[in-house]
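Please examine the sequence and the structure shown below. The paragraphs that follow lead from the surface of the chain to its overall fold and then to a single residue.

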Amino acid sequence: KNWDRANELACALESAVQSSRLSDVVLAAETRTRLLICQCELALALKSSATAIEAAVATGMVYWEVLQRASAMEALAELGRHEDARDHAQRCYALVRGTCLAYWETELRIIEAYIALQEGSVEDCQALLREAFSGPDGQWRDGRLHGRILSAMCAEALEADIEVAKVRGVI
């Protein structure tokens, strides 16, 4: 992985941001957040994520808010800040349930399953994985949900014989 090049590109994007255009702020902050999560710089990712969430809320665009909160949730889950992650999940569920954005629930449940496993509840983890993988396909963009959480949860699902064909399709 060429982190230096990725950082150069993120810096170039950030320097091109017009602060009056909230969409620019959201996209640059999300890029930085994703890069920091990939580099395991989770505390810094949360700072960037807070900027992205604030700008996303200000745009009034639900998709962007959910996207940013899911990134924050992911970093919080890896940091062991489970209640904070769940707070973001609840806000996201409230935004997407019953809408055309309900497919986000899949990704949120995957992260919640990771949290349950970290807390030692294999049963809750597997129940969340069943729910996630048995529902509509999630938003599996290139690298959207970082590999550590997604790969751990796919492995857990396969080991528990949960929706094997769908999980293999995600992998």
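**From the surface to one residue**

The protein chain exposes about 8,500 Å², and carbon and sulfur atoms supply 51% of this area. The model is a predicted one. Among the side chains of the protein chain, 18 are positive and 26 are negative. The centres of these two sets lie 4 Å apart.

The next step is the fold. The protein chain contains nine helices and zero strands. Read along the sequence, its pattern is therefore written α-α-α-α-α-α-α-α-α. The radius of gyration of the protein chain is 16 Å, close to the 16 Å that the globule rule gives for 171 residues, so the chain is as compact as a globular protein of that length. Taken along the principal axes, the box filled by the C-alpha atoms is roughly 50 × 35 × 30 Å.

Of the 171 residues in the protein chain, 47% are buried. Among contacts with a separation of 6 or more, 62% join residues 24 or more positions apart.

Is serine 49 buried or exposed? Its relative accessibility is 2%, and because buried means under 20%, serine 49 counts as buried. Which residues is serine 49 in contact with, leaving aside its neighbours within four places in sequence? They are Thr33, Gln68, Ser71 and Ala72.

Note on methods:
Residues are numbered from 1 along each chain as its sequence is written. This is a predicted model: local features need pLDDT of at least 70, side-chain atom pairs count only at pLDDT 80 or more; totals for chains, interfaces and linings use all residues. Side-chain values use heavy atoms; hydrogens and water are left out. Helices (H or I, at least four residues) and strands (E, at least two) are DSSP runs, numbered from the N terminus. The radius of gyration is taken over C-alpha atoms; the globule rule is 2.2 Å times the number of residues to the power 0.38. Buried means under 20% relative accessible area, exposed over 50%, partly exposed in between (1.4 Å probe, protein chains only). Contact means heavy atoms within 4.5 Å. Accessible areas come from the Shrake-Rupley method with a 1.4 Å probe; for residues, only the protein chains shown count as cover. Lys and Arg count as positive and Asp and Glu as negative; His and the chain ends are not counted. The place of a charge is taken as NZ of Lys, CZ of Arg, CG of Asp or CD of Glu.
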